[in-house]
Amino acid sequence: WTDEPEPRNVALASLGAMATGASRDAKDFAGAYGAGLTIDGQFGERWIAEGPELMITLARPERIRRVVFSSDRPRGLTENHALTVFVGDYRIETSVD
């Protein structure tokens, strides 16, 4: 989210962001678990990682105030539901190149 009076989620694919990261492969449905699901703005389908890295490239340089990880923003699932399992460790790196 940007550092502005009205913050914007600039990590959305609809705003030109791109996500890359190794994913599990569904033989009958290419891209079913792809990294692009992390920034599609939808809930339901999810990235199933096959590696430890996810890289999100923004469409242009931005001043970021906060990063939010969420698999159930509407809070419609119980805490122990399988879809609420989430990352435990992460590192945020930035670069303008």
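**Entry 1: the overall fold.** I began with secondary structure and found 0 helices and 2 strands in the protein; helices are DSSP runs of H or I with at least four residues, strands are E runs of at least two, and both are numbered from the N terminus. This is a predicted model, where local features need pLDDT of at least 70 and side-chain atom pairs count only at pLDDT 80 or more, while totals for chains, interfaces and linings use all residues. Residues are numbered from 1 along each chain as its sequence is written, and side-chain values use heavy atoms, with hydrogens and water left out.

Entry 2: Of the 97 residues, 13% count as buried (under 20% relative accessible area, 1.4 Å probe, protein chains only).

**Entry 3: the core.** Which residues make up the largest nonpolar core? I noted A17, A19, A35, I39 and W47, 5 residues in all; such a core joins buried Ala, Val, Leu, Ile, Met, Phe, Trp, Tyr and Cys residues through side-chain atoms within 4.5 Å. Not counting residues up to four places away in sequence, A17 touches V10, A11, L12, I39, I56, T57, L58 and A59 (contact means heavy atoms within 4.5 Å).

**Entry 4: N9.** I then turned to N9, which sits in the segment before β1 (18-20). N9 counts as buried because its relative accessible area is 19%. A polar atom of the N9 side chain lies 3.1 Å from the backbone nitrogen of A11. Leaving aside neighbours within four places in sequence, N9 is in contact with W1 and L15.

Note on methods: Buried < 20%, exposed > 50% of the residue type's maximum accessible area, 1.4 Å probe, protein only. Polar contact = N/O pair within 3.5 Å; in protein donor to acceptor, adjacent residues only side chain to side chain.
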